[in-house]
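Welcome! Take a moment to look at the sequence and the model, and then we will walk through some of the features together.

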Amino acid sequence: MLKLYGGKRSRASIVQWYLEEIQVPYDFETLDMQAGEHLKPEFLAINPMGKVPAIADEGFNLWESGAILLYLAEKYGHLADSLEQRAIATQWVMFANSTLSTGLFTEAVREKEMPRLLGALSQILAEKPFLGGDTLTVADIAVGAVLAYAPMMLSITFNDYPVIAAYVQRLSERPAFQKTILGKA
């Protein structure tokens, strides 16, 4: 069975959210980061960087939340068949983990980047409920998690971006989101 390694309040919850959405069974191994469990040889054999999330899947180890999301989408048949559509999913996951995360969570660039990024994202989401159209995809997990964490961790609101606020609201109402991101049973 797939094993997901994470710590309290870590990006592992993003992977866990996706696993719940696609209904893939998994074991969640909580590492006590304060006690240094992520630096023990057993875990470093899975992720030599000593970071979470990481997965162990039938002898295959992978780390970095975006890579894990794309692997799971591919393995469980949730990526499109065409190269172009797979590239678009990869684009959104990379956008979430790099451009959007940096633009929202780096104070030095937030004032300049946030309006540009959220304005463009608002235009895209004004035309459809999810990034891929009518159905939630791995792209929404990656982008949606970053957007959902922004108000939780920072003093960011989406009052000036009602389309983004509605998107985050739609995502936050999903049972898998409630269970994993918000920790509600």
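## A residue in a loop

Is glutamine 23 buried or exposed? Glutamine 23 is exposed, because its relative accessible area is 69% and the cut-off for exposed is over 50%. Keep in mind as you read that this is a predicted model. On the chain, you can find glutamine 23 in the loop between helix 1 and strand 2.

The backbone of glutamine 23 deserves a look too: its phi is near 55°, a positive value in a residue other than glycine. Most residues other than glycine have a negative phi.

## The elements around that loop

Now follow the chain on both sides of the loop. Helix 1 covers residues 12–21, and together with strand 1 and strand 2 it makes a right-handed β-α-β unit. Strand 1 (residues 2–6) and strand 2 (residues 26–30) run parallel, and five bridges join them. To see the pairing for yourself, find leucine 4, whose bridge partner in strand 2 is phenylalanine 28.

What does the UniProt record say about this part of the chain? It places the feature "domain: GST N-terminal" at residues 1–80, in an unreviewed entry. In the model, that span is 31% helix and 22% strand, and its end C-alpha atoms lie 25 Å apart.

## A buried aspartate

Next, move along to strand 3 (residues 54–57), where you will find aspartate 57. Aspartate 57 has a relative accessible area of 3%, so it counts as buried, the cut-off being under 20%.

Which residues does aspartate 57 touch, not counting those up to four places away in sequence? They are Leu2, Tyr71 and Lys75. The side chain of aspartate 57 makes a polar contact of 2.6 Å with the side chain of tyrosine 71. A polar contact of 2.6 Å also joins the side chains of aspartate 57 and lysine 75. For a sense of scale, alanine 87 is 30 residues from aspartate 57 along the chain, and their C-alpha atoms are separated by 24 Å.

## On either side of strand 3

The loop between helix 2 (41–44) and strand 3 holds proline 53. Here a cis peptide bond joins valine 52 and proline 53, with omega at about 10°. Most peptide bonds are trans.

Glutamate 58 is found in the loop between strand 3 and strand 4 (60–63). Its phi is near 50°, another positive value in a residue other than glycine. Glutamate 58 is exposed, with a relative accessible area of 72%, whereas aspartate 57 is buried.

## A covered helix

Finally, let us visit helix 6, which takes in residues 138–153. Its 16 residues reach 22 Å from the first C-alpha to the last, close to the 22 Å expected at 1.5 Å a residue. How many of the 16 residues in helix 6 are buried? The count is 13, and the helix is mostly covered.

Definitions and conventions:
Residues are numbered from 1 along each chain as its sequence is written. This is a predicted model: local features need pLDDT of at least 70, side-chain atom pairs count only at pLDDT 80 or more; totals for chains, interfaces and linings use all residues. Side-chain values use heavy atoms; hydrogens and water are left out. Two strands pair if DSSP finds at least two bridges between them. Helices (H or I, at least four residues) and strands (E, at least two) are DSSP runs, numbered from the N terminus. A crossover is right-handed if, with the strands pointing away from the viewer, the path from the first strand over the helix to the second runs clockwise. Buried means under 20% relative accessible area, exposed over 50%, partly exposed in between (1.4 Å probe, protein chains only). A polar contact is a pair of N or O atoms within 3.5 Å; within protein, one must be able to donate a hydrogen and the other to accept it, and residues adjacent in sequence count only if both atoms are side-chain atoms. Contact means heavy atoms within 4.5 Å. The expected span of a helix is 1.5 Å times one less than its number of residues. UniProt positions are given in the numbering used here, feature names are shortened, and annotations may be inferred rather than shown by experiment.
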